[in-house]
Amino acid sequence: MAKTAVHLADMAQRSTSFPWPDAPEEDQYSVCVHCGFCLEVCPTYQQLGDENHSPRGRVHLIKEASQGLLPLDESVINPVFTCLDCRACETVCPSGVQVGALIEEARGQVHYQEPPSGLSGAVEKLFLRGIFPRPARLKKIRRLMRFYQMSGLRTAVHKMGLLKVLPMHLRELEAVIPDITEQSALDALPELMPAQGARKASAGLFTGCVMDVFFSDVNMATVRVANRNGLDVLVPKEQICCGALQVHAGDREQARKMARHNIDVFERTGTDYIIINAAGCGAALKEYPELFKDDPVYHEKAEQFSSRVRDISELLVEVGYERPQGEVNCTLTYHDACHLCHAQKIRSQPRELLKSIPGVNLVEMVDADRCCGSAGIYNLTHPDMAGQLLERKMDDIPEGVEAVVMGNPGCMMQIKAGVERRKVDLDVLHTVELLDLAYRREGNHDERR
Amino acid sequence: MNGDKVIRELVRILGPSRVLHKPHQLHTYNCDAYVAKTSLPRAVVFPESTEEVARIVKLLHENDIPFLPRGAGTGLSGGATPLNGEVIVSLVRMNRLLRVDFDNLRAVVQPGLVNLTLTRKITNKGYYYAPDPSSQSVCTIGGNLAENAGGSHCLKYGVTTNHIVAAKFVLPTGNVVDIGQPFGDPVGYDLLGLVVGSEGTLGIATEITVRILKKPQAVKTALALFDRVSDASDTVSDIIRAGIIPAAIEMMDQLAMQAVDKSNYYVGYPADIEAVLLIEVDGMAAGVEETSQRVVEICKSHNVRTVKVAENDAERALWWSSRKMAFGATGRISPDYIVQDGVIPRSRLTEVLHKISEISRESGLRIANVFHAGDGNLHPLICYDSRIPGETEKAIKVGSAVLKVCADVGGSITGEHGVGIEKLEEMRFLFTDTDLAAQLAIRSVFNPKDLCNAGKLVPKPSRCVEVRHAQRIIEQNADFFGGFQEQTELMSPSK
Ligand SMILES: Cc1cc2nc3c(=O)[nH]c(=O)nc-3n(C[C@H](O)[C@H](O)[C@H](O)COP(=O)(O)OP(=O)(O)OC[C@H]3O[C@@H](n4cnc5c(N)ncnc54)[C@H](O)[C@@H]3O)c2cc1C
Ligand code: SF4
Ligand code: SF4
């Protein structure tokens, strides 16, 4: 086995296939001991049985590319892009490999080498560079979509069968796009909403873009619930999209710009905490420091920023919450959003909150923490895999439940698409929506809208 | 047919989505969980039925193309690593539970079914599959069969071979045979005994009938912390001397404790103890309470620092994960490791551990120890860094030296991880060239062209006399070997 020696000598000459900045680091991939314990929890491996599409396989390919044993071609690119970035592998990995970070960095290298093309390229360009980072455009889209829904145009389009030009999965998504509220929370809310009763701390609300376009009600509910539990809520108006989708797609340059902006904005706001109700954004905000490995100044700032970020369920349990007195009679099940349970290790808090509501009967579903296939814009770029995972998720929803509850807008849209597809009678809700309802049913709550 | 034609034929049989053959698709199959040696396969195929496996194997056999079976690739001795450009026959898509006979305690599974998945599927009826390798959440029952896998609870319940009663096997010629006996003892030669533990060198299991057990009524698990290894070791001997048959007794040393405590499976072991014992008793509720009390007493009589019985399932589960994740968690304290798998007479533990720490000191490589203490199966984890020139070689040598110690005290070089490519040389600690030649002769009965997982399990006898001897046996019995194929063709039910 003189292999290793040869290997090392080779490596010295062989140049890495990851020559660009912010590449996957040896310290990270060498942590993998190749035990395979992550295989069975990986949704793509479960579906395909192909080790190229498993966590161990992906890390192995990243390692080989990094050492120059493989070129940065389809061998690495396909597996790295079929990853859902769901982090289920990180939850089980005994060795502590940060698979998510490695995947994101590897995607970054691909992004440098070849800007994305094809369907996923078009989707990414439109959404990730064109819309999400630009609040003005986001607003315009929001208005257009609302116009589309409200003006009767939607009905007309449906009647004329115009949607048939869209691929099936986009048609399904169109069908479940919730009615867009008149105003986003970011626009509608005043800059400061004071705590009710004794003030425990202050929190800056990160409104999120998908959440705020499609589910701004959830943001409103979050504010009410936070106020109710002694938190001053501030809404910094200059905040922009968190950049999670850009990170997932490998567009780290764009993500860094957005992160810097948000870090500055929330630094100025200076609240004790930064609260977020979208799991994907929450995970991204907590991982801002990973984006600034090569920038000591912002790395420091990002650390500071991240240490203040809390998911709303996490913060309520941390600072203490009042048990609601209003009843919500409902049998429900909880779906663990990947970026809540795997990326942020938040599992018990939302369940605790739900169980605290009088009348709620929480029935656990099997494999509640298996990805539903939404995974950011994965359901747009990889509709087949996303569709298979959605089917499995729908199969797992226990009989007799009236609602599926979760903590992430992407999952909410995906599971709504599943509900639509199966024509079942099932509400899809966010944890704070139920909690808010319970508080409001106490009857003495000041309803702000 | 040349290689390309064979690939085309494979694609024709299985369809393009179930054959990986482009060079860029093959890298993740260049080794299993033993990473010290890597080599690319020619292709990877994913059959879904016995018939497909048989067709593939027949094709490969006829065209003299080497192949090997692979399950989850968690093997620790390189059994699924393609040394000869094999076509890898991956069984992960054959992962169905085919039938369960609760009345007679039998389940029929496909080989790619994951060990723990079987238990999960029958647990709500109160049954389980007993062999529990630490890798049970991922490894396949086919892989378990091939490695005769053991696990923590095999002290009381026995290893894989005690739980497999019959199998459908695709021989390396492509013929399908049924071996074993779903009920009753083997009739004729115990071929099942032969293929269990054959490490994929005698063919491919495609359907396996296993015993399932009723879950014990009660379980008690104790965690005992010891200042000295010798006390822990005496405790183990005393428990067994007292006539208690625990379901499991596991030991970890300080370095192993440090590794798991750095992982997601944190228990919080004190930094100044030498050994922790995890002792589990199970059975009827009444007896278990009493036995666990006796276990606690015995620990106390051996200077235990603290001993605690798990208060609830969550605590018990955490202690077990901490033990079962110990190998993987070694990645927290070292970039690479080799896990060895020696067996020793239990009473020699203290002495052997002492020798291992000497080897560690001399080599400068840290060694963590995890131990199925009840049955004397020792897992020294040799920590190294493959990036440092020469260290992989050194770690391999250290592993070998450790196995020598085990063999010298009357033990064995493998308890459950198999020989694979890793321990080929160490086979010579146990067997003479004549012994090895006899084993090779058996292999050639099943595997006449040596196409199926060649170069694993049994080393070639070192002296050429013995090689010639083995060859002579085969030549002299040419009729028999030829006849074997005909006979199996007659026997083969599924054609
Ligand atoms: C962290 C860790 C902990 C482990 N703990 C234990 C333990 O406690 N006890 C233990 O015994 N082992 C343990 N192992 C080793 C390993 O998990 C077992 O050997 C397991 O049985 C391998 O199963 P697999 O499906 O991964 O097989 P693979 O690794 O894919 O293959 C193993 C061997 O079986 C052959 N094979 C696979 N499928 C078939 C089939 N259908 N028919 C014929 N041959 C086949 C292969 O050719 C190969 O030689 C551990 C491994 C790891 C990484
Ligand atoms: S990522 Fe973790 S669990 Fe997966 S093979 Fe590597 S060390 Fe094992
Ligand atoms: S992040 Fe999810 S999809 Fe990606 S490798 Fe890990 S488990 Fe698989």
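Colleague: In chain A, what share of the contacts with a separation of 6 or more is accounted for by residues 24 or more positions apart?

Modeller: This is a predicted model, in which local features need pLDDT of at least 70 and side-chain atom pairs count only at pLDDT 80 or more, while totals for chains, interfaces and linings use all residues. A contact means heavy atoms within 4.5 Å. Among the contacts in chain A with a separation of 6 or more, residues 24 or more positions apart account for 80%.

Colleague: How much of chain A is buried?

Modeller: Residues are numbered from 1 along each chain as its sequence is written, and side-chain values use heavy atoms, with hydrogens and water left out. Buried means under 20% relative accessible area, with a 1.4 Å probe and protein chains only. Of the 449 residues in chain A, the buried share is 62%.

Colleague: What is the volume of the largest cavity?

Modeller: A cavity is a set of points, on a 1 Å grid over the protein atoms alone, where a 1.4 Å probe fits but cannot get out. The whole structure holds 13 cavities of 30 Å³ or more, and the volume of the largest is about 680 Å³.

Notes
Chains are lettered from A and ligands numbered from 1 in the order in which they are written. Buried means under 20% relative accessible area, exposed over 50%, partly exposed in between (1.4 Å probe, protein chains only). On a 1 Å grid over the protein atoms alone, a cavity is a set of points where a 1.4 Å probe fits but cannot get out, and a pocket is an open set with protein on both sides within 12 Å along at least five of seven lines; lining residues have an atom within 4 Å of a point. Grid points are joined across faces, edges and corners, and a volume is the space filled by probe spheres set on the points.
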